[in-house]
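Biologist: Please walk me through how to read a model of this kind, beginning with the whole chain and ending with a single residue.

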Amino acid sequence: EARLIFMGVVSGVDLGDQRALLLDIGGGSTELSVGTAGGYEYLDSLKLGAVRVTNLIQGDPELPVSRAVYAKMRRFVLDSSGRTRNRLRSLQVDCMIGSSGTVSNLAEICAHGHRNGHKPPAQLLHFADLVRMREHLCDCTLEERRRTPGINPERADIIVGGAVILETLMESFGIEEIAVSDRGLSEGLIQDWLARKYPNEWRMGGAVRERSVLHLGRSCGFEEPHARTVRAYATQLFDSARDAGLHELDGSMRELLEFAAMLHDIGVFLSFSNHHQHSHYLIRNAELLGFDRVEVEIMALAALYHRKRLPRLKHPEMALVPESFRRSVLALCLLLRLAENMDKSHAALVQGTSFEKRGKEVVLSLRVPAECPLEITGLHQQKKFFKEIFGSTLQIEQLHTDALSPEDL
């Protein structure tokens with residue numbers, strides 16, 4: 001069960017190079033697993049659960065939980081998890097992810113009861129908030145718990161037992177916050193079936209974002225060769241622009257540009273004339289796995305502005321990303337517009353591209369086997385926008401590959 005839960009949760013999150021501790025609190029047991037994007041390293045199941053702790057220690061769920069009863073519940077959790085806690089301390093965990101209805105409901109209660117009045121996302125649960133919320137729930141009768149904002153009334157009788165397990169384990173491992181996943185055992189069963197059915201195509205973790213993007217694109221019947229061509233051009237432009245000193249964007253922005261390039265045309269199956277708007281809507285609402293809300297908005301904006309009107313900071317769509325990201329979004333939009341125009345004919349005529357700073361001008365070189373007037377015309381139309389974003393005049397230069405030496409290529 002712990003293995004399947006790990007597979008299910010990791011299939012929907014981008015761990016990068018982090019080692020994660022996954023926690024799933026059930027009624028009679030708690031499943032723990034540790035691993036990276038490449039797979040699990042440790043699996044365990046504890047005889048701890050919200051129902052078990054409630055029935056064995058809490059007693060009558062109708063009554064408030066006294067400090068003495070809470071202390072017994074905490075000691076029970078510590079005693080039951082001692083061996084596992086000792087093993088996990090040597091694994092140097094970077095983050096903690098919780099799944100199951102109990103963890104999700106605890107996060108939702110904390111979100112509703114945040115002290116400063118600002119409701120944080122229920123996908124993240126802070127230890128200090130959990131402690132305050134657990135203290136409040138202990139002081140309540142069962143009927144009062146049922147009326148607590150954010151609680152699932154059907155869990156009111158066992159929620160304190162679940163909170164004690166989560167609080168005690170977070171404190172034991174020194175975890176200040178836990179990410180909350182809505183994925184778990186059922187998704188793990190699907191991932192396990194895929195791994196057995198398609199062993200050559202399926203692999204754990206690392207490609208969560210890539211798989212999610214490809215799934216969306218293929219579901220929309222996108223033109224995958226064109227998308228991959230635009231992606232290749234976009235990354236070449238991003239890298240050479242950085243080398244030329246045009247921007248200082250990091251690898252995370254480069255990755256978002258890649259994915260936006262893959263998805264920029266997915267709205268075509270609805271309507272070609274306004275497909276950039278449909279692409280924007282689909283990306284924003286497709287629940288892409290492994291991306292946070294800001295990353296999704298950035299990709300959606302890049303797709304929205306890959307054609308027709310130019311992006312502007314004052315546009316209402318820009319308000320959907322934090323102000324600190326907005327100028328970076330403008331740069332990504334420009335690079336995607338250039339990359340898209342470099343494959344205007346969908347014939348992949350450009351064999352390579354790069355920026356070069358020459359005085360006050362920037363030269364965009366295209367290595368092509370023959371004339372490509374459609375692409376060149378589209379690129380010239382982006383010169384004004386290029387000047388606005390990078391402050392330099394853009395010149396387009398064609399280098400015919402039949403006139404180049406092997407060293408030039």
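The dialogue below goes from the overall chain to one histidine.

Modeller: This is a predicted model, in which local features need pLDDT of at least 70, side-chain atom pairs count only at pLDDT 80 or more, and totals for chains, interfaces and linings use all residues. Residues are numbered from 1 along each chain as its sequence is written, and side-chain values use heavy atoms, with hydrogens and water left out.

Biologist: How many helices and strands are there in the chain?

Modeller: Helices (H or I, at least four residues) and strands (E, at least two) are DSSP runs, numbered from the N terminus. Here the chain has 16 helices and nine strands. Its C-alpha trace spans about 85 × 45 × 40 Å along the principal axes.

Biologist: What share of the 409 residues is buried?

Modeller: Buried means under 20% relative accessible area, exposed over 50%, and partly exposed in between, using a 1.4 Å probe and protein chains only. Of the 409 residues in the chain, 51% are buried.

Biologist: Why does His 226 count as buried?

Modeller: His 226 counts as buried because its relative accessibility is 2%. This residue is in helix H10, which covers residues 224–243.

Biologist: Which residues does His 226 touch?

Modeller: A contact means heavy atoms within 4.5 Å. Leaving out residues up to four places away in sequence, His 226 touches His 264, Asp 265, Glu 340, Asp 343 and His 346.

Biologist: Which side chain joins that of His 226 in a polar contact?

Modeller: A polar contact is a pair of N or O atoms within 3.5 Å; within protein, one must be able to donate a hydrogen and the other to accept it, and residues adjacent in sequence count only if both atoms are side-chain atoms. The side chains of His 226 and Asp 343 form one of 2.6 Å.
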